[in-house]
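Please find below a short note on the model, arranged as numbered points. It may be read with the structure open alongside.

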Amino acid sequence: MRKIYLDNNATTPVHAEVLDAMLPFFREDFGNPSSTHWAGSKVRKAVNIAREQVASLVNCSPSEVVFTSGGSESVNTAIKGIAAARRKEGNHIVSTMVEHPAAFNSARHLEKEGFRTTFLGVDGDGMLHAGEVESSVRDTTILISAMYANNETGVIFPIREIGGIAAAKGISFVCDTVQAVGKVPINFRDLQVDAMTVSGHKLHAPKGIGALIIRSGTRIPPLIHGGPQEKNRRAGTENVPGIVGLGKACELAQNDLDKEVARIRSLRDSLENGIREAIPDVKVNGHSEKRLPNTLNISFKGVYVEPLLAELDRNGIAVSAGSACSAESREVSRVLTAMGLDSATARSTIRFSLGRENTQEDIGCVLALLPPLIERLRNERSARTA
Ligand SMILES: Cc1ncc(COP(=O)(O)O)c(C=O)c1O
């Protein structure tokens, strides 16, 4: 059976060139980058090259790149670190109802430490309005946390505008860019953010590696204490193979970003249009233009998501219900609820997220399978409730 992977917002396969770049660092180049002898100096150089590759993709200085274990650690470090560093100046944090749990629960955690939070809603298109961010700011606001692109819907927030508001008011701004880096052009300098995040496994590097980009001069105390690695910003012997892999993945993404964005957008659009043409009563969730080019979040009226996912899986098609993180919990998506979807609609929603490996043939297979499948599931359900 042909296997079709359409869950690239959950994770991506490691690119062959990324794996090739990493392999020597499991074998002959095993040194500790902190060692001063030959074994250390070779891997130290490799770590620095990777730092330049990451910096080049997101337009920051290599000295602003801190390697971490992934997106969750980067988000936690930035939010909790800035909150701790600015505690004396104020205790109010502005965030959104649709952040990934890494950011959402970091802010919730800070409530237990005496911080006040405002979680802003989004409109029916899943969009956050910069004006609402501005009007939620108080004299005590020290931090704004807002994601660049939503993991469930792909909706892209007006981060540059929010960055301008934060900068004008002297408020720190953390942007979770995990779903955007490698999928669309991201320019750290231009966004006016103080910190932003990278996760290796979302852009064809392995799991367990990521980066936090910290604007030079921003005070973010480490989350993990220990040795002086990463200029005292993140302790622990570096994950050298992972770092090398992340660097290579960033280089590959940068080499053909424009071409891949256009190709993947056209595949996604043909999937979306094909579904709309062949299946009645569908609802695409998320802004039609300000959306990641690879993401399609769509509700099928009168269909339960569990049997739909199971049938797709049985036919070799991997997609997810909302976000992978909430797939086990069976809770209604916080993101879709914030957009005003009722729980029945939210529970009939799946997310397609395309990637580098997808082809028009993949889309053709999905479009051949889905219309009769939806019709059957709808008929079975109405037969049961009749
Ligand atoms: C928007 C967003 N932020 C953070 C994360 C967490 O990244 P990681 O899996 O590398 O911890 C994810 C992962 O799904 C994400 O989608």
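1. By class, the shell around the ligand comprises two nonpolar, eight polar and two charged residues. Here Ala, Val, Leu, Ile, Met, Phe, Trp, Tyr, Cys and Pro count as nonpolar, Asp, Glu, Lys and Arg as charged, and the others, Gly among them, as polar. The shell residues are Gly70, Gly71, Ser72, His100, Met147, Asn151, Asp176, Val178, Gln179, Ser199, His201 and Lys202; a residue is near the ligand if one of its heavy atoms lies within 4 Å of it.

2. The model is a predicted one, in which local features need pLDDT of at least 70 and side-chain atom pairs count only at pLDDT 80 or more, while totals for chains, interfaces and linings use all residues. Residues are numbered from 1 along each chain as its sequence is written, and side-chain values use heavy atoms, with hydrogens and water left out.

3. Which side chains make polar contacts (pairs of N or O atoms within 3.5 Å) with the ligand? Among them is Lys202, with a side-chain N or O atom 2.6 Å from a ligand oxygen atom. For Ser72, an N or O atom of the side chain is 2.7 Å from an oxygen atom of the ligand, and a polar side-chain atom of Ser199 also lies 2.7 Å from a ligand oxygen atom. The ligand taken alone exposes 390 Å², of which the protein buries 88%; these areas come from the Shrake-Rupley method with a 1.4 Å probe.

4. Seven strands form an open sheet of mixed pairing, in the order β2-β8-β7-β6-β5-β3-β4. Strands are DSSP runs of E of at least two residues, and helices are runs of H or I of at least four, numbered from the N terminus; two strands pair if DSSP finds at least two bridges between them. The edge strands, each pairing on one side only, are β2 (65–68) and β4 (116–120).

5. Strands β5 (residues 141–147) and β6 (residues 172–176) run parallel and are joined by five bridges. Within β6, Phe173 is the bridge partner of Ile144.

6. A second open sheet has three strands in the order β9-β10-β12, with antiparallel pairing. Its edge strands are β9 (282–285) and β12 (349–353). Strand β10 (residues 295–300) pairs with β12 over five bridges, and Asn297 stands opposite Arg351 in β12. Helix α10 (residues 257–278) packs on this sheet and touches β9, β10 and β12, contact meaning heavy atoms within 4.5 Å.

Terms used: Axes are lines fitted to C-alpha atoms, for helices over the stretch in contact, and angles run from 0 to 180 degrees between N-to-C directions. A polar contact is a pair of N or O atoms within 3.5 Å; within protein, one must be able to donate a hydrogen and the other to accept it, and residues adjacent in sequence count only if both atoms are side-chain atoms.
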